[in-house]
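Here is my note on the model you sent. Please read it with the coordinates open.

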Amino acid sequence: MKNRSPCNIVVLSYYLQATLALLVGLVMLQAALGSAAKPPAIFILGDSTVDVGTNSYLQESRARADFPLYGIDFPHSRPTGRFSNGLNGADFLARLTGYNSSPRPFLSLGSPLLSYLRNHAFRGANFASAGSGLLDLTGSALGVVPLSEQIKQFATLQGNLTAVRGSGATEAMLQKSLFCISIGSNDLFDYVVSNSSTTPQEFIYLLMKEYENSIKTLYSLGARKFGIISVPPIGCCPTIRLLGAQGKCSDALNGLARAFYSALETLLYGIGSELEDLKYSLGNAYLMTINVINNPQPFHFTSVDKACCGFGKLNAEQGCNVLGEY
């Protein structure tokens with residue numbers, strides 16, 4: 001894969017993809033793999049950072065990446081529904097875990113689901129939907145799958161696995177499985193755009209309550225090992241830079257991203273103490289990504305302010321399409 005300029009809000013930046021991929025792989029392997037000879041199943045929930053094509057199966061969705069120039073660094077420059085030039089964090093996690101490819105989108109498994117589970121080797125599933133958030137309202141106008149619905153999809157899958165394998169075998173499998181969650185950026189974007197009267201502290205608290213409910217619901221369904229990815233420096237996205245003086249990052253948005261991480265760190269510490277056998281690792285996507293932005297040369301980037309595909313100033317005034325500059 002070629003190194004390209006970072007992407008805009010819609011197109012996840014390649015440098016962030018690589019950073020998140022390594023981060024996800026390392027924290028998840030440290031937390032959950034141990035010395036297991038057979039790779040565990042992987043279940044991935046979240047937004048565009050780990051979406052491998054979910055939105056391509058949503059006919060009404062307006063958040064799509066199933067057309068050029070997305071996927072330009074895939075074999076034959078094929079768009080796959082990933083909001084990236086190539087592989088994303090979910091793909092690298094799968095490779096580091098021992099698989100050749102990422103688990104498929106849940107919506108691609110077909111119907112009836114029982115038939116698929118009976119006739120295919122099972123490696124997990126990807127529920128992530130670009131544009132989604134912790135809050136159901138986030139991305140609702142785009143026709144995406146919010147985290148609450150992603151968890152309902154997992155519950156459906158868990159029920160079908162139980163029907164095929166039995167409750168004991170399914171429970172044992174899920175306890176060894178890896179659950180990766182990467183979400184929150186779109187909630188913060190929408191909060192800033194809405195000019196809400198809710199204070200930043202109150203809004204972060206609201207997001208943490210949703211995160212807590214989500215983790216506890218997954219736990220009740222059998223999940224025990226979590227890899228949680230925090231919010232990157234979203235104030236440095238090219239479309240945000242357009243709004244600031246001299247194309248600089250937004251301190252306000254980046255402050256929200258840092259506050260999100262701190263609150264999530266506290267939340268997970270409490271949940272980890274409360275729920276028996278729960279193991280987790282929290283990846284600081286903000287710190288790792290801002291290091292690349294502030295010091296790009298060692299990472300072989302020559303530009304960290306332009307969108308990798310688009311039109312206008314910083315390639316961020318209009319979105320990516322087949323005619324866009326890359």
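1. Start with one residue pair. Ile228 stands opposite Leu282, a residue of E5. This is a predicted model, so treat every value below as computed from it. The strands concerned are E4, residues 225–229, and E5; they run parallel and are joined by five bridges.

2. Now the whole sheet. It is open and built from five strands, ordered E2-E1-E3-E4-E5, with parallel pairing. Strand E2 (124–126) and strand E5 (279–283) are the edges. Each has a single partner strand, so one side of each lacks a neighbour in the sheet. On average, neighbouring strands are turned by 15° against each other, direction ignored.

3. How many disulfides does the structure hold? There are two. In general, such a link is a covalent bond between the sulfur atoms of two cysteines.

4. Take Cys236 and Cys249. Their sulfur atoms are 2.1 Å apart, and the two form a disulfide. The torsion about the S-S bond is about 110°, so this disulfide is right-handed. The pair links distant parts of the chain, 13 residues apart. Cys236 sits in the loop between E4 and helix H8 (238–241), and Cys249 in the loop between H8 and helix H9 (251–274).

5. Cys249 is at 25% relative accessibility, so Cys249 counts as partly exposed.

6. The other disulfide joins Cys309 and Cys320, with sulfur atoms 2.0 Å apart. This link is also right-handed, with 75° about the S-S bond. Both cysteines lie in the segment after helix H10 (285–294), so the pair ties together parts that are 11 residues apart in sequence. Cys309 is buried at 1% relative accessibility. Cys320 is buried too, with a relative accessible area of 8%.

7. Cys237 is buried, with a relative accessible area of 15%.

8. Last, Cys180. This residue is buried, with a relative accessible area of 1%.

Conventions. Residues numbered from 1 in each chain as written. Predicted model: local features only at pLDDT ≥ 70, side-chain atom pairs only at ≥ 80, totals over all residues. Heavy atoms only, no water. Pairing = 2+ DSSP bridges. Helix = DSSP H or I, 4+ residues; strand = E, 2+ residues; numbered from the N terminus. Axes fitted to C-alpha atoms, helices over the stretch in contact; angles between N-to-C directions. Disulfide = S-S within 2.5 Å. Buried < 20%, exposed > 50% of the residue type's maximum accessible area, 1.4 Å probe, protein only.
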